[in-house]
Number of protein chains: 2
Amino acid sequence: MKAAIIGGGVIGGGWAARFLLNGWDVAILDPDPEAERKITEVLDNARRALPGLYDAALPPEGRLRFADDLAQACADADWIQESVPERLEIKHSVLAEIDAAAPASAVIGSSTSGFKPSELTAKGARAIVAHPFNPVYLLPLVELVGEAAQCARAAPLLQQLGMYPLHVRKEIDAHIADRFLEAVWREALWLVKDGVATTAEIDEAIRMGFGLRWAQMGLFETYRVAGGEAGMKHFMAQFGPALEWPWTKLMDVPEFTEELVDLIAGQSDAQSGHMSIRELERLRDDNLVGILRALRRTGSGAGGVITDHEASLSVPVVDPPVTAQQQVPVTWTDYNGHMNETHYLELASRGTDGFMGLIGADAAYVASGMSYFTLENTVRYLAEVHAGESLAVTTYATLAEGKKMGLRHLLTKPDGTVAAEVDSLLIHVSLETRRSCPPPTDMMDRLEAFVATHTKALAALSER
Amino acid sequence: MKAAIIGGGVIGGGWAARFLLNGWDVAILDPDPEAERKITEVLDNARRALPGLYDAALPPEGRLRFADDLAQACADADWIQESVPERLEIKHSVLAEIDAAAPASAVIGSSTSGFKPSELTAKGARAIVAHPFNPVYLLPLVELVGEAAQCARAAPLLQQLGMYPLHVRKEIDAHIADRFLEAVWREALWLVKDGVATTAEIDEAIRMGFGLRWAQMGLFETYRVAGGEAGMKHFMAQFGPALEWPWTKLMDVPEFTEELVDLIAGQSDAQSGHMSIRELERLRDDNLVGILRALRRTGSGAGGVITDHEASLSVPVVDPPVTAQQQVPVTWTDYNGHMNETHYLELASRGTDGFMGLIGADAAYVASGMSYFTLENTVRYLAEVHAGESLAVTTYATLAEGKKMGLRHLLTKPDGTVAAEVDSLLIHVSLETRRSCPPPTDMMDRLEAFVATHTKALAALSER
């Protein structure tokens, strides 16, 4: 699949990274002489962060090229994404050129945060709104607005990129999310202007409180819970009248003077000026990876999107089997500047899960009331692993003896370096009695067959 | 320390839990005959979630009693928190009673989300605004507004509770955070009323996108990053003019009709009605614990508050040393319904860190360029551990031989059950060369002394 990215700023670069790391070829068009450097920096950030979300390998990265003209970039693209500056006359002229050059089957998406599709297409060019959120390579949300057939074609492609298409059924200026951002921005400008709070205090008021709720539940489900047993109606009866209170007095628009801009820029420098934008970006991405990995555990919101996407990633079948793959996120490292000892075992444990699936001890089997419990793990640490490095877990069956199963996991880097050997001894159990019991014969047969071939494979390895 | 909680709803109950789990005695006054049941449920949730944030034990829980009258509840309290319904005449009469009964040194805080301190104290009663966020036992933010001396007394007490006091310097209706919530609420009511989006779509628009940013950075730092290399001024030049665009057209207040209430309550039922409020609360809390534990890794926002609070928790000195303590969070469990094998090692690894501190290989030593790396870990799993159970790690030194250090960690439940034995073999290294080297003699002396006493202690254990 091929994508053309027209306009390679923060948003266009983020789109390029999202496509590339999901295996698409990407052509970028941007007149800025600095474009290549900037895109490369965004890509470096994305390579550092995105794969760390998954417990499996993403497809091999696509090819990136910088196109010389728009027609060349769009000629054979399946998706063309316009991310040029937010001025309607520029959008009109670029979208007309794209429409003329694009295959009829291509999705033409605009990253506009404000314009409605009826405005974008007023001059006849074909396009829908496909509005993403920064950083595009980590945040799943894309607001799709416009012609139904094109939106319907776009949605499954976005899902293949691990994104969450939200079809906005009725066009409105700024779509949905940015309406909220605008309302909050307006209020924040007043608070700073009136000296009620600084930019740093406002950020704390958000991230120490409701920001933590919104990352997982959004607005209405949060309030549903706040209403307690009495429910949503009770909550609304309590909070609704506040609309009439003086809280709403700041609704008019503050004058956007140079003074106000200086006040805010100065407070922001005092708050965050000790870090470069790149450092802030990396901190943001590390936090996003950590938050998203936390949400995977419950399947809430964006965590569920990642798990679904991961299930769609095809794992090549080899034997001895690769039972887990992982790019090491920064949050897995410790004070020694390398991957903490715990996560070697985390990967091996995931390898055990993968191997259990191969002998039929999968999720359905566990749901039926049987499983394996681990009796003992021995981890031999052979090489340091750093953030951003990839590890593959190859699992060898070493023992099939009644209720007992022995596994050896080798954690290997792409260059063949074995970073750790993990020996695991497991026992087959009934989840009802929590006691050991023999596995069914078909499972035992499969395990014994693996032990036969894997013992030989391990012997061959040790002879090398 | 003693707290009196006047009004035991969702917010008052959350305050009670926050105080109790941090070792304060708490007296609750609430006329609702159901109050005791409701408070107990909030407390159960808090006991399940809050301790899981920390890598250390919280102090022993304080005593809870239900008071018969206000004077009895307040008589010997250090902090009195009013959380009665949001009507000014009720607040006035309750605060007057509290003021009459309270010791002069007590902090009198009001949980009001809307009233200014000048309004609360208009009838002469002493009080400040101490406005928390739901769930109070997990979210750190407390907005402090009002008389400076009382706010200054309140702030360090809140920090001892693991909370983040934000001193609002200029009083304003609804303080800071709720102004934003109100602006977003207003916008959301329009979007639902006009049929642009359902409550579920609005929640996705938030939690799939900017909600993930706000949990860690808030508003201004996020935009600073979005501005890219050109900085905050560039961002504002881009986004500022949007204030004049049609985006702001929904600023007037939607009429709060019964129809609108029914529309929203109905959509909310369709979205979340398959889960009870208690289930939603537990899901919310599991997600919050996961997100907050992720933020601990970088120290951002609320993660930093937890780390700071943890550092202030005193660990009793015993030998053999208890090097780590943990209540098991739900996010540590797996498909077998018990703590995943990985986290046994995570606790032992933290035990190794704790023991290293005892022989002088602490953070400052690591910063000086020396450390220990693990060569091998063997984990013997002896008992299942479930979410909510507590584990203490006792660490025995078993080997001091040149560069090598051997440790045995016993992971023990409060009833004495040993859940796992972990043997760790470590080697002293230079962080510059990444190669082994001998530890300094004073460190070696301390390690050898531990080995001498711990070998005897282990032998005594095995004789039992």
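## An exposed arginine and a buried histidine

Let's start with B:Arg434. In this predicted model, B:Arg434 has 12 other C-beta atoms within 10 Å, and since 12 or fewer counts as exposed, B:Arg434 is exposed. You'll find B:Arg434 in the loop between β13 (418-430) and α16 (441-463) of chain B. Its backbone deserves a look too: phi of B:Arg434 is near 60°, which is a positive value in a residue other than glycine.

Now hop over to chain A and look at A:His175. Is A:His175 buried or exposed? A:His175 has 25 C-beta neighbours inside 10 Å, and the cut-off for buried is 20 or more, so A:His175 counts as buried. A:His175 also has a positive phi, about 60°, although it is not a glycine. This residue sits in the loop between β8 (164-167) and α7 (177-193) of chain A.

## Two cis peptide bonds

Next, a pair of prolines. In chain A, the peptide bond joining A:Asn134 and A:Pro135 is cis, with omega at about -5°. A:Pro135 belongs to the loop between β6 (128-132) and β7 (141-145) of chain A.

Chain B has a cis peptide bond between B:Asp319 and B:Pro320, where omega is about 0°. To find B:Pro320, go to the loop between α13 (302-312) and β9 (322-327) of chain B.

## A sheet in chain B

Time for some strands. Strands of a sheet pair through backbone hydrogen bonds, in either a parallel or an antiparallel way.

Strand β2 (residues 25-29) of chain B pairs with β3(B) in the parallel sense, over 3 bridges.

## Domains and a helix in chain A

Chain A is assigned three stretches: domain 1 (2-173), domain 2 (178-274) and domain 3 (315-463). The C-alpha centres of domain 2 and domain 3 of chain A lie 48 Å apart.

Helix α14 (residues 341-358) of chain A lets you try a quick sum. At 1.5 Å a residue, its 18 residues should span 26 Å, and the end C-alpha atoms are 27 Å apart, which agrees. Of those 18 residues, 16 are buried, so α14(A) is largely enclosed by the rest of the structure. After α14(A) comes A:Gly360, which has a positive phi near 100°.

## Where the chains meet

How many residues of chain B are in contact with chain A? There are 116 of them, and they touch 117 residues of chain A. Helix α12 (residues 277-298) of chain B gives the largest share of chain B's side, 15 residues. By type, chain B's side of the contact divides into 63 nonpolar, 28 polar and 25 charged residues.

Strands pair up across the two chains as well. Strand β10 (residues 370-381) of chain A and strand β10 (residues 370-381) of chain B run antiparallel to each other and pair over 5 bridges. One example is A:Asn377, whose bridge partner in β10(B) is B:Val379.

How values were computed: Residues are numbered from 1 along each chain as its sequence is written. Chains are lettered from A and ligands numbered from 1 in the order in which they are written. This is a predicted model: local features need pLDDT of at least 70, side-chain atom pairs count only at pLDDT 80 or more; totals for chains, interfaces and linings use all residues. Two strands pair if DSSP finds at least two bridges between them. Helices (H or I, at least four residues) and strands (E, at least two) are DSSP runs, numbered from the N terminus. Domain bounds come from an automatic or database domain assignment. The expected span of a helix is 1.5 Å times one less than its number of residues. Two residues are in contact if their C-beta atoms, placed from the backbone, lie within 7 Å. Ala, Val, Leu, Ile, Met, Phe, Trp, Tyr, Cys and Pro count as nonpolar, Asp, Glu, Lys and Arg as charged, and the others, Gly among them, as polar.
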